[in-house]
Amino acid sequence: MCTVPLCSDWQPTEKGALALRPHRPRPASTKRETSSGAVEMLPHLSQIQVWELLALAFGILRISLTYFWVSTHCTVLQYCDVALRPQYPGLRRVMGGAVSAGEDNDDLIDNLKEAQYIRTERVERAFRAIDRADYYLEGYRDNAYKDLAWKHGNIHLSAPCIYSEVMEALKLQPGLSFLNLGSGTGYLSTMVGLILGPFGINHGIEIHADVVDYATEKLDNFIKNSDSFDKFEFCEPVFVVGNCLDVLSDSLQYDRVYCGAGVQKDHENYMKIFLKVGGILVMPMEDQLTQIIRTGQNTWETKNILAVSFAPLIQPNRSDCFKSENVKLPPVTVRCLQDLARIYIRRNLRNLINQEIQAKGIPQKAAPKRKRKKLRRRKIDTYVFVGNQLIPQPFDSDEDDKMEENKEEEMNEDLKQEEASPNLLRERILSLPLPESLKAYLTFYRQK
């Protein structure tokens, strides 16, 4: 802020504005004849008053320039609790923007882990295995690594901090059954499938048919092209179209249930029907992400996780002309012998590879290394009053020196990270003395 020196002729009014003292005699006026011949009275200002007005104008200009620089060069914390979280672990945030944007998926996960949204290794591995940008439309991927929700038409993704809190609250284990009410793009269901393993159940209900098609396309792309697929035993999600409020009452119960839309208090008991005894339900209700544990046939434990804001569930149409159809959940099927054989062959080969790596003394996996932040080169202009003049004075940021010192190191590190590690499981399968059709089946018909 700039302090403008005022002479004794100026004094603040009750509303904070500056005004002349009322008892001061009005200065003499001069006359000026306009082009139309009218005479216009002009006040005669003293030299001191002119300098005061100029100083006030320069002060306003300096404030405006400072505000413009802050708005264009500085990252403004959207929520004050970002800074308070380390001192107050119980403090929670609201719907994204709570962590810094990442340069890539790993960088985003590092930020979520540092902010204590991701707290367990199992959840961290699932998040790192699936690139969030793969679930964005092509023209919107620049925003994929920001901690913000994204929506385009019917396609919607919640903020990464919300998904990480949901994954932690569900306390997922291999072999459990999971129901995703409002499964959307399938991003969350796919991450859950990496934890459930091949003997879990992974179902999703989505009201929009085009979104189910989109989720199916993304799931197929993950299975065929993702480098992470061969590192996990996967429970493939199954999606159906329908309104989750129209599910048949005698449907299957699940170990874990998540609802991705705001649930009204009136529907709380309806949601609890889907849950087995000992199961966990996570859903947004009354502006709180809520965890409900079914401790008995008619007993529950409820806990609020954090404040959120979700769009409400779409209510089914109950009119006679457009009555909603009941939704049938996917059936639970027993795996065929061929699928079981593929699961155990891949599992044994993966264990054999890990044993060979350990025998050679090669670490099985390196701890995720945080990528070095790319520092911006920027020039800061400050403005200094010298006498009655406002002089711009350039000031080089300290980040310039850091960027020059680390530039070569960053390039070498990026090159190392871009080197793709070999897919040892695929190589081992292709080296087996088996027919090519059987090799293709064992690799899930993947091309790489």
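In this predicted model, 17 salt bridges are counted in total. Side chains of opposite charge can pair when their charged atoms come close. One of these pairs joins Arg119 to Glu165, whose closest N and O atoms lie 3.5 Å apart. The two residues belong to distant parts of the chain, being 46 residues apart: Arg119 is placed in the loop between α3 (105-114) and α4 (121-129), whereas Glu165 is part of helix α5 (residues 160-170).

Asp230 and Arg446 are both buried.

Within helix α12 itself, Lys439 and Glu436 are three residues apart, so about one helical turn separates them. These two residues form a salt bridge in which the closest N and O atoms are 3.6 Å apart. Lys439 is buried, at 9% relative accessibility, whereas Glu436 is exposed, at 57%. Elsewhere, salt bridges link Asp106, Asp110, Lys113, Glu124 and Arg128 into a network.

With regard to cysteine pairing, the structure contains zero disulfides. Among the cysteines, Cys235 is buried, with a relative accessible area of 3%, and Cys336 is partly exposed, with a relative accessibility of 37%.

On the surface, a nonpolar patch is made up of Val50, Trp51 and Leu54, which together have about 250 Å² of accessible area. Of these residues, Leu54 is located in helix α1 (residues 47-73) and is partly exposed, because its relative accessible area of 38% falls between the 20% and 50% limits of that class.

For the chain as a whole, the secondary structure consists of 12 helices and 15 strands, and 38% of the 448 residues are classed as buried. The accessible surface amounts to about 26,700 Å², with carbon and sulfur atoms contributing 54% of this area. Among the contacts with a separation of 6 or more, 60% are made between residues 24 or more positions apart.

How values were computed
Residues numbered from 1 in each chain as written. Predicted model: local features only at pLDDT ≥ 70, side-chain atom pairs only at ≥ 80, totals over all residues. Heavy atoms only, no water. Helix = DSSP H or I, 4+ residues; strand = E, 2+ residues; numbered from the N terminus. Buried < 20%, exposed > 50% of the residue type's maximum accessible area, 1.4 Å probe, protein only. Contact = heavy atoms within 4.5 Å. Areas by Shrake-Rupley, 256 points an atom, 1.4 Å probe, with all protein chains shown as cover. Patch = residues over 30% accessible without salt bridge, like charges linked within 9 Å, V, L, I, M, F, W, Y side chains within 5 Å. Salt bridge = Lys/Arg side-chain N within 4 Å of Asp/Glu carboxyl O. Disulfide = S-S within 2.5 Å.
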